Amino acid sequence: MPARYLKSRSNTSANGTSPQVDVSSIVKGVIDDVRQSGDAAVRKYSEKFDKWSPASFKLSQADIDAAIAACSQQTIDDIKEAQKNVHAFAQAQRESLKDFEYEIQPGVFLGQKNLPINSVGAYIPGGRYPLLASAHMTILTAKVAGVPHVVGCTPPIAGKIPHGTIAAMHLAGADEIYLLGGVQAIAAMAVGTETMRKVDFIAGPGNAFVAEGKRQLFGEVGIDLFAGPTEILIVTDDTADPFTVATDILSQAEHGPDSPAVIITTSESVGRKAIEIIYELLKHLSTADVAGVSWERFGEVIVVDTMQEAWKLADEYASEHVQIFTKRPRDALDNMTTYGALFLGEKTCVSYGDKVIGTNHVLPTKKAARYTGGLWVGKYLRTVTYQEVESDKTSGELGRLCGRAARAENFEGHARSGDLRAQKYLDDQYDWIKLYHEENPKA
């Protein structure tokens, strides 16, 4: 029997903006202006979009100390606890990446090194909420990777300083912190200004304008990934608690009015009950103005007959966050291949991943999980190789092979590099070398 929809999404595109807004053109204009006018353009757009124009966007140590002092001790303790978990997982990832050298044949050494990027810009969003956890995910992970210089940017929220975010950025190890948001922050980090030096890589989530800024600047700088609205998908069987399913769906729907929230279930009763509870919970949820819109526009509940159909359909969604509420949650590890992150069992939830558990919450959306994972230590590393030939005989033999291989492709210059080694180390004779020395006897 085909999948049955107990709730379908409306005919709305999840792009995060009104269809009348030409995001690409707006973003290009800001980037071009920052490239041309530097700090003056950054200030102009900060005033326009955030109503924020301080004497300096860069926070001094006194500013940072004041922000930390404005936080409760409990907030600081919680930041440190969450960052301890993120650090531990990121450190385990780093230790899994080994430099090595391999003697592929006698006297020929091939090696690999993992070198950190030299400078990174971390964008910590904050337009709707102060997203402290994004500081852990972007800045702290970069520092564990060994990045020597990390610049952090975060916007003011309604004209106010987000003290908790600044505290999290500092405790994560940011070398510079700027109270600056939007495309103007992305552009300033990517192209540099009179007061902000250009970075090599930009990481962090953001709204449609930030995402488009990263897209347009990719190539000039590296980026972590192309990110869209937050997504959640929950796979259930008849053992799932509908109240937990409903609660967790809304936990992600509140990210924005364009966040897909999907339930795939083998139990029609679980699906119907979850829908009923979602509407009841929305009556008393403080973020219902956002979560309710997201659920109405992008919420789906789909019933399938078997778990194999559920796994297959879940892979087709390639969702950012996938929660598994089934009798055997770890079956998903063997049956699913396409997701940003899995959350196994009722004791686990996406909110843990978002805030405190230690895995990274910057994850692929819009089906990008088909070809990439999320942000991790390895994103901040450049895997480079080196090679050395110590053996005369082997160098000469490689020279012969290179000459033949290159001439098969009509690359005579490549071939001659090989010929030269074959002549030097195996005493092979080549007309082009002989001709050169005849014409240049003093060479």
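## Surface and charge

This is a predicted model. The accessible surface of the protein amounts to about 21,400 Å², and 53% of that area comes from carbon and sulfur atoms.

Among the charged side chains, 46 are positive and 56 are negative. The centres of these two sets are 2 Å apart.

## Overall build

The chain holds 443 residues, of which 49% count as buried. Its C-alpha trace spans about 95 × 65 × 45 Å along the principal axes. The protein contains 17 helices and 14 strands.

Contacts between residues 24 or more positions apart make up 72% of those with a separation of 6 or more.

## Domains

Three domains are assigned: domain 1 covers residues 23-224, domain 2 covers 229-374, and domain 3 covers 392-439. Taken over C-alpha atoms, the centres of domain 2 and domain 3 are separated by 61 Å.

## Nonpolar cores

The largest nonpolar core consists of 66 residues, and I139, M189 and Y380 have the most contacts inside it. Helix α7, which runs over residues 182-191, gives the most to this core, with eight residues.

What does M189 touch, not counting residues up to four places away in sequence? Its partners are G121, A122, Y123, V151 and C153, together with M196, R197, K198, V199 and I202.

Definitions and conventions
Residues are numbered from 1 along each chain as its sequence is written. This is a predicted model: local features need pLDDT of at least 70, side-chain atom pairs count only at pLDDT 80 or more; totals for chains, interfaces and linings use all residues. Side-chain values use heavy atoms; hydrogens and water are left out. A nonpolar core is a set of buried Ala, Val, Leu, Ile, Met, Phe, Trp, Tyr and Cys residues joined through side-chain atoms within 4.5 Å. Buried means under 20% relative accessible area, exposed over 50%, partly exposed in between (1.4 Å probe, protein chains only). Helices (H or I, at least four residues) and strands (E, at least two) are DSSP runs, numbered from the N terminus. Contact means heavy atoms within 4.5 Å. Domain bounds come from an automatic or database domain assignment. Accessible areas come from the Shrake-Rupley method with a 1.4 Å probe; for residues, only the protein chains shown count as cover. Lys and Arg count as positive and Asp and Glu as negative; His and the chain ends are not counted. The place of a charge is taken as NZ of Lys, CZ of Arg, CG of Asp or CD of Glu.
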